[in-house]
Amino acid sequence: MRTERVGGNGQAERREPKVIVGAAIIAGGRVLACARSAPPEVAGMYEFPGGKVEPGESEVAALVRECAEELAVRVEIGQRVGRDVRMAHGRSVLKVYTARLLHGDEPRALEHSAMRWLSATELDTVTWLPADAPIVAALRPLLLAATL
């Protein structure tokens with residue numbers, strides 16, 4: 001997926017969309033959901049922790065870094081969850097991966113206003129950001145399988 005814009009020379013320039021990665025951290029058949037603290041229009045809505053992939057950084061490395069920065073945890077990244085979700089009018093794409101906590105780490109809400117561990121049956125008890133909502137549907141069977 002590429003986006004086009006017209007450059008200063010009148011020619012169309014193609015750019016790859018920015019990649020945003022999210023972590024579906026699963027423990028004990030539950031996934032960690034984090035409430036945004038800002039900006040005001042999305043404050044209180046839930047998301048999977050994560051952020052932008054920096055130039056020269058792999059998606060996995062970005063997710064490990066973001067989890068350390070946002071939650072003060074070390075994680076092992078697993079499989080992709082769901083499909084790519086287009087954001088910002090196609091200028092970025094969200095990719096979510098499963099993750100598990102390492103070394104007994106416990107997440108702390110360093111950048112979020114709240115955190116909740118949700119089972120498959122509790123996923124609809126919070127308001128998800130629009131970009132994260134399609135991932136929730138793909139995550140439900142993974143959580144159900146984890147509790148068997």
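I started with strand E4 (30–36). E4 is mostly covered, with 5 of its 7 residues buried. Buried means under 20% relative accessible area, exposed over 50%, partly exposed in between (1.4 Å probe, protein chains only). Helices (H or I, at least four residues) and strands (E, at least two) are DSSP runs, numbered from the N terminus.

This is a predicted model, where local features need pLDDT of at least 70, side-chain atom pairs count only at pLDDT 80 or more, and totals for chains, interfaces and linings use all residues. Residues are numbered from 1 along each chain as its sequence is written, and side-chain values use heavy atoms, with hydrogens and water left out.

**Strand partners**

Which strands pair with E4? I took two strands as paired if DSSP finds at least two bridges between them. E3 pairs with E4 in the antiparallel sense over 2 bridges. Ala 27 stands opposite Arg 30 in E4. The two strands form a hairpin with 2 residues between them. In that turn, Gly 28 has a positive phi of about 60°.

Strand E9 (residues 112–118) also pairs with E4, antiparallel, over 6 bridges. There I found Arg 36 opposite His 112. Strand E5 (residues 46–47) runs antiparallel to E4 and is joined to E4 by 2 bridges. Tyr 46 in E5 is the bridge partner of Ala 35.

**Cores**

Next I looked up nonpolar cores: sets of buried Ala, Val, Leu, Ile, Met, Phe, Trp, Tyr and Cys residues joined through side-chain atoms within 4.5 Å. The largest has 22 residues. Val 31, Phe 48, Trp 128 and Leu 139 have the most contacts inside it. E3, E4, E7, E8 and helix H2 (133–146) each give two or more residues to this core. H2 gives the most, with 4 residues.

I then checked Leu 139, taking contact as heavy atoms within 4.5 Å. Leaving aside neighbours within four places in sequence, Leu 139 touches Ala 24, Ile 26, Val 31, Phe 48 and Val 81. A second, separate core has 15 residues, including Ile 25, Leu 32, Leu 63 and Ala 99.

**Pocket**

Last, I asked which element gives the most to the lining of the largest pocket. E3 does, with 4 residues.
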